[in-house]
Amino acid sequence: MSEETDLNVPEPTQSIPGLGVSNNQGLLQWISSVDHKQIGIMYLWLSLLFLVIGGIEIMLVRTQLAVPNNDFLGPEAYNQLFTMHGTTMIFFVLTPAIFGFATYFVPLMIGANDMAFPRLNALSFWMTFFGGFLLYFSFLAGGAPDAGWFNYAPLNQYNYSSSPGINYYCSGLLLSGIGTVTASVNFIVTILKYRVNDMGLKQMPLFVWMILINSFLVLAAFPSLNAALVMVLLDRQLHAHFFNAVGGGSAILWQHLFWLFGHPEVYILILPIFGIFSEIFPVFSRKPIFGYGFVVGSGIAIALLAFGVWVHHMFATGLGNTVNNFFAASSLLIGVPTGVKIFNWLATMWGGSIKFSVAMLFGIAFLVEFTIGGLSGVSFAIVPIDWQLTDTYYVVAHLHYVFIGGSLFGLLSGLFYWFPKMSGRVLDERSGRWFFWLFVVGFNTTFLVQHALGAMGMARRVYTYPDLPGWGILNFISTAGGFLMAIAVGLLIYILVRAVRSGSKAENDPWDANTLEWTTTSPPNLKNFEQVIPVKSTRPFRDYKRPDDADWNRKEEYGK
Amino acid sequence: MNNFSVLLSRFTDPTVLNTASPQAEQIRSIGNGFLIAATGIFLLVLVLTIVIVVRFRSKTTGGEPRQIAGNRKLEILMVGVPMLLVIVFFFWSLHTMSAIMPPVSDHPADVVITGHQWWWQADYKGTKAVTANEIHLPVGKPLLLQLNSADVIHDWWVPAFGAKMDMIPGTNNNLWVTVKRPGIYEGTCSEFCGKQHAWMRIRVIAQTPDEYHKWLITQSTDAVKPADSVALAGEVLFGKASCSSCHSIRGSDANGSEGPDLTHFASRQTMLSGMMANTPANVKRWLTDPQKVKPGAHMPRFIFNKDSLNALTAYLSQLK
């Protein structure tokens with residue numbers, strides 16, 4: 001190592017709790033941990049657990065929908081299952097998985113030894129954990145919530161849903177929402193104050209940039225949800241009338257409050273994914289990201305615009321042409337910074353030397369799938385098209401193309417990319433490829449046909465449907481695809497468990513990567529770094545490995 | 001259920017392509033424009049991805065490729081082209097919306113449609129006609145529908161007519177529709193509204209103005225006193241067994257307002273919001289155990305004996 005490496009490694013001013021304790025105490029070690037790596041891994045396991053639960057729920061739902069006029073599930077069970085599926089996947093699968101990767105890798109990527117507030121970090125995780133379990137306790141307490149994941153008023157009121165489910169929905173999401181907010185505070189402080197000395201904002205890895213932007217999004221969006229949840233609780237428990245039209249409240253108010261959170265939320269679930277891919281495309285194309293400033297700038301643009309688009313969820317609520325047209329303009333506009341990123345990544349790959357690891361395969365598939373989901377999303381920004389297609393299966397198809405084809409593909413890509421660093425073991429690439437193809441084929445089989453079902457007049461959230469021409473066969477195809485995805489997830493779990501138990505040892509830098517997390521051991525020690533290499537560009541580790549081709553030393557290759 | 005499939009086959013398929021109103025046609029034309037643009041963009045991404053993957057796959061020989069970190073001109077193009085498309089579609093959307101949703105001002109509603117858990121009520125303004133689930137409309141003239149809700153949020157959607165509009169408690173929403181051709185049009189409630197959201201289907205019967213007026217006059221009349229004794233017994237029972245506290249049958253003592261108006265119940269082809277054909281057998285099945293037929297429906301189970309069931313069925317089935 002050169003003499004330049006002798007830099008201070010940022011860490012919390014209080015010495016990291018638990019550092020002096022043996023790190024081999026089994027379960028107790030995990031429960032009591034304030035180490036960002038252990039907390040990150042717990043977030044990821046929690047996410048996998050809920051992925052399985054939410055997956056089982058939706059397989060029951062798809063079984064019910066496999067044929068017309070089916071009576072495998074009654075309406076009551078069906079409504080609880082689809083509500084829990086949506087709520088689980090959004091709040092307890094995608095969110096914790098994103099926060100898991102962020103908690104694990106943000107400190108490592110900025111050359112820090114831990115998050116700014118290690119204890120707050122643990123609190124954030126356990127809030128999410130108990131929020132999830134509180135939500136699921138509703139099954140034992142008399143019935144799960146049954147008003148859909150966006151829980152519209154007045155269906156969420158006591159006289160329309162008298163089982164305690166929605167109370168658990170409110171308190172579960174409130175708890176995990178507080179965890180999400182505290183985690184975001186922690187990320188902001190960590191990123192702004194704990195970067196290794198010479199890492200400026202312009203040298204920050206794009207994943208860290210996206211987490212920073214995302215954390216501000218969370219801070220601004222979640223209060224609206226949390227307030228709305230408290231208002232529902234007050235309505236249900238203390239007979240307040242926030243959302244009850246008969247008592248002078250407004251049913252539409254809930255939609256404003258929910259979507260003012262809910263639309264930023266979908267960007268909260270995709271911006272970090274843009275960050276993950278902005279790390280992965282360069283590594284496996286052997287090129288720098290195309291338009292670093294542009295990716296950061298469009299991320300900020302998305303974050304700002306995200307708060308001005310919520311009414312496109314409400315075009316059919318009768319707010320009038322003027323309001324609708326305003327939000328149509330903003331919603332169309334947000335498609336631009338989102339869409340151009342696809343071309344940033346394509347341009348990153350262009351002229352590169354592409355290695356088809358499983359992480360990269362998910363990246364390439366993402367480009368195509370996310371384009372489908374993005375384009376179908378733009379059709380909802382166009383009010384007249386929205387008026388035909390909103391609340392049909394076309395929406396179901398759209399949101400799964402962005403949540404699965406976008407968010408989940410990104411998380412899976414990140415999993416295959418970072419697993420060796422986190423566990424010190426390699427995920428088997430051969431069976432990983434099997435998983436990839438099974439999952440991609442299953443995913444498209446399930447959801448492509450749902451675009452057609454929506455256009456053919458099938459409303460979403462129906463527990464059964466009449467035997468109209470084409471409906472039966474398309475639904476059957478969709479269900480078959482769902483089972484394919486379930487098999488793929490089974491295979492993924494097998495791959496993970498096998499890797500943890502008996503996977504071959506991972507090198508410290510298996511992908512010849514660019515960022516600081518690959519400079520330490522796999523897995524990192526409890527103390528991440530003793531020393532950190534100099535950071536003079538966005539790819540410090542590459543500069544270090546190839547000093548004569550270093551980014552900071554190269555005559556600008558930009559703008560030609 | 002067999003004669004129900006016969007009924008179904010007479011429906012216009014409820015797809016967004018079977019347009020039957022100028023509103024739906026306008027939406028379809030912007031939809032087609034969007035589909036073309038979107039397909040273009042998708043193919044561009046797909047072809048680029050395939051070309052890149054094939055052309056730039058890693059070769060075992062050779063070192064690192066040229067390290068290019070951006071290109072201003074290309075970046076401007078990447079933003080400029082989508083911006084242009086966005087502007088085009090924004091103004092197209094603006095234009096379409098003012099065409100399909102012109103101001104209502106003080107135009108009176110032609111029909112007031114109210115969503116209930118889980119059925120539709122139609123009040124024909126200026127007449128005594130009230131009906132449920134099967135909604136008759138005249139073809140050829142612009143109609144203003146007023147949309148209300150009696151409980152939770154419902155949503156009116158007949159794909160052949162184009163637009164979709166929520167029914168929100170405490171709010172009056174409006175929708176213009178001009179039906180071009182007579183026929184039976186199927187639609188469905190499109191906002192999740194609870195247990196039987198699935199069986200809140202819409203059936204619009206569009207008629208020529210003449211037929212429509214004839215229908216409206218019949219519907220405005222009171223129910224005729226039953227002729228045979230079994231049906232007469234049914235009428236008496238209808239009042240005594242508290243059916244009448246929720247249902248109205250004009251011309252009898254029944255004047256409840258919670259459930260569907262049954263004055264001309266037997267003139268409808270389907271029952272329970274498009275769930276099944278309106279046959280005496282189905283009526284009887286429903287009366288025997290509503291919760292088994294449509295779980296969650298707000299009709300309680302009255303434990304009728306066999307004779308009562310027959311009497312009520314006979315009574316309801318002759319309310320033409």
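**Entry 1: residues 229-320 of chain B.** I looked up the ends of this span and found that, in this predicted model, the end C-alpha atoms of residues 229-320 of chain B lie 17 Å apart. I noted its make-up as 40% helix and 4% strand. I then consulted UniProt, where an unreviewed entry lists residues 229-320 of chain B under "domain: Cytochrome c".

**Entry 2: domains of chain B.** I recorded that chain B is divided into domain 1 (10-54 + 70-220) and domain 2 (229-317). Their C-alpha centres lie 32 Å apart.

**Entry 3: contact between the domains.** I found 20 residues of domain 1 of chain B in contact with 16 residues of domain 2 of chain B. I asked which elements of chain B give two or more residues to the side of domain 1 that touches domain 2. They are strand 2 (119-124), strand 3 (130-132), strand 10 (201-207) and helix 4 (209-220). By class, I noted 7 nonpolar, 8 polar and 5 charged residues on this side of domain 1 of chain B.

**Entry 4: contact between the chains.** I turned to chain A and found 78 of its residues in contact with 75 residues of chain B. On the side of chain B that touches chain A, two or more residues come from each of helix 2 (22-55), helix 3 (72-100) and strand 7 (164-167) of chain B. I asked which element gives the most to this side of chain B. Helix 3 of chain B does, with 16 residues.

How values were computed: Residues are numbered from 1 along each chain as its sequence is written. Chains are lettered from A and ligands numbered from 1 in the order in which they are written. This is a predicted model: local features need pLDDT of at least 70, side-chain atom pairs count only at pLDDT 80 or more; totals for chains, interfaces and linings use all residues. Two residues are in contact if their C-beta atoms, placed from the backbone, lie within 7 Å. Domain bounds come from an automatic or database domain assignment. Ala, Val, Leu, Ile, Met, Phe, Trp, Tyr, Cys and Pro count as nonpolar, Asp, Glu, Lys and Arg as charged, and the others, Gly among them, as polar. UniProt positions are given in the numbering used here, feature names are shortened, and annotations may be inferred rather than shown by experiment.
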